[in-house]
Amino acid sequence: MSTKIPVGVLGATGAVGQKFIKLLEDHPWFEVTEVAASERTSGRLYGEAVSWKQVTPIPQPVRSLEVRPCTPDLKCRVVFSGLDAGVAGPIEEDFARAGYFVLSNSKNHRLDEDVPLVIPEVNPDHLELIPIQRRNRNSAGCIVTNSNCTTMFLAMALGPIHKVFGLEKVFMVSMQAVSGAGYPGVPSLDILGNVIPFISGEEEKVEIETRKILGTFNGQRIDLADFPVSAQCNRVAVEDGHTESVSVKLARKTTAAEIAELLRGYSGVPQQLGLPSAPEQPFVVTDAPDRPQPRFDVNRCKGMATFVGRIRPCPIFDFKFTLMGHNTVRGAAGASILNAELLKARGYLG
Ligand SMILES: NC(=O)c1ccc[n+]([C@@H]2O[C@H](COP(=O)([O-])OP(=O)(O)OC[C@H]3O[C@@H](n4cnc5c(N)ncnc54)[C@H](OP(=O)(O)O)[C@@H]3O)[C@@H](O)[C@H]2O)c1
């Protein structure tokens, strides 16, 4: 008999849901025993209900699971949520109230005062909101969220920089892959040979989520980090991998070489605990003048690292650099799985 922790995937048929199924195949701690989605697909076998878009086949044991409705009667205590944001809010609350650990990708609860928005390398202490959330909501379970995909790479890189040099201002321009819009996503005739300078709600998410992640737990809630973030988000004709051009103004004087050294040598809690999905190094810092590039770098480190390049002085702010990361792995399903691994390592999952 398997000694792995049984887990469910809510929204298992969607783009993020499929990535969960793929990344959880052969996971050393977790085993997918339940898949759930809307009434359009529930009642059918997963292999027949899903329009599978991953490059590897559907894992055999999941193929024959029956798709269940998203009601809190699944036989597991941990659920990963890749639910459409239009329905995720109340469904995730129902599961948490019924005692489930809900690891969510959706935007709905990220900014709730008592919900942790966690990047394990940056703010693992924000899990201390869990007992507060349970008390507030009279809930046996809890909701733990990961950030929006664009926020992920920005907040991850800014974490160590803020701690050591103090951020005063951040400006970021993104070039975001089409896979971030789910499937079928952006119509090909809109995006081929084109750049779309608008992604609904994205800039607002990046500007506020970054400040929550880099904020301070005050014993009750998170005090937002005290610096402004300005984001401009663009959709580009790249399949996977969000690229971000970042400028920062810092409180302490430093050099580009010191920033590179800080990120290169950085090791967070997931690395120290050896969590199964943790990249060996959270940051891959390159000195090459023309990297990172999504085509060459996006699948390195199993899609879980943040790639950093072109760290150099900025004539308006202090420094500027380029970030890149896999938006549906580290920016979505992989981030939730790493959060679940942190919960297990910290003893929350029993
Ligand atoms: N795509 C990304 O890269 C990305 C990155 C970060 C975060 N996110 C967030 O993750 C979530 C999922 O995104 P996605 O791109 O995977 O969306 P998607 O492909 O449209 O999938 C949505 C999933 O939600 C299910 N669903 C829809 N209505 C439902 C209902 N009434 N009850 C139960 N299940 C329902 C769908 O099931 P059916 O198949 O049965 O309709 C499907 O499994 C969103 O909140 C999104 O903002 C996405």
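Q: In this predicted model, which residue stands opposite K320 in β15?
A: Strands of a sheet pair through backbone hydrogen bonds, either parallel or antiparallel. Here R312 is the residue facing K320 of β15. The strands β14 (residues 306-313) and β15 (residues 319-325) are paired in the antiparallel sense, over 5 bridges.

Q: What is the order of the strands in the open sheet?
A: The order of its 7 strands is β8-β11-β7-β12-β15-β14-β13, and the pairing is mixed. At the edges are β8 (195-196) and β13 (283-285), each of which pairs on one side only.

Q: Which strands does α6 touch where it packs on the sheet?
A: Helix α6 touches β7 (167-176), β11 (229-236), β12 (242-250), β13, β14 and β15. The direction of α6 makes about 155 degrees with that of β7. Another helix, α9 (residues 256-264), lies across β12, β13, β14 and β15 and runs at about 165 degrees to β14.

Q: At what angle do α6 and α12 pack?
A: Two packed helices are described by the angle between their axes and the distance between the axes. For α6 (residues 149-165) and α12 (residues 329-345) the angle is about 90 degrees, and the axes are 8 Å apart. Helix α6 is therefore roughly perpendicular to α12. C149, M152, F153 and M156 of α6 meet R330, G331 and A335 of α12. These contact residues comprise 5 nonpolar, 1 polar and 1 charged.

Q: Is S147 buried or exposed?
A: S147 is counted as buried because its relative accessibility is 1%, under the 20% cut-off. S147 sits in the loop between β6 (142-145) and α6. Its side chain reaches the backbone nitrogen of M152 at 3.3 Å. Beyond its neighbours within four places in sequence, S147 contacts residues including R110, E209 and G331.

Note on methods:
Residues are numbered from 1 along each chain as its sequence is written. This is a predicted model: local features need pLDDT of at least 70, side-chain atom pairs count only at pLDDT 80 or more; totals for chains, interfaces and linings use all residues. Side-chain values use heavy atoms; hydrogens and water are left out. Axes are lines fitted to C-alpha atoms, for helices over the stretch in contact, and angles run from 0 to 180 degrees between N-to-C directions. Helices (H or I, at least four residues) and strands (E, at least two) are DSSP runs, numbered from the N terminus. Angles under 35 degrees count as roughly parallel, over 145 as roughly antiparallel, 65 to 115 as roughly perpendicular and the rest as oblique. Contact means heavy atoms within 4.5 Å. Ala, Val, Leu, Ile, Met, Phe, Trp, Tyr, Cys and Pro count as nonpolar, Asp, Glu, Lys and Arg as charged, and the others, Gly among them, as polar. Buried means under 20% relative accessible area, exposed over 50%, partly exposed in between (1.4 Å probe, protein chains only). A polar contact is a pair of N or O atoms within 3.5 Å; within protein, one must be able to donate a hydrogen and the other to accept it, and residues adjacent in sequence count only if both atoms are side-chain atoms. Two strands pair if DSSP finds at least two bridges between them.
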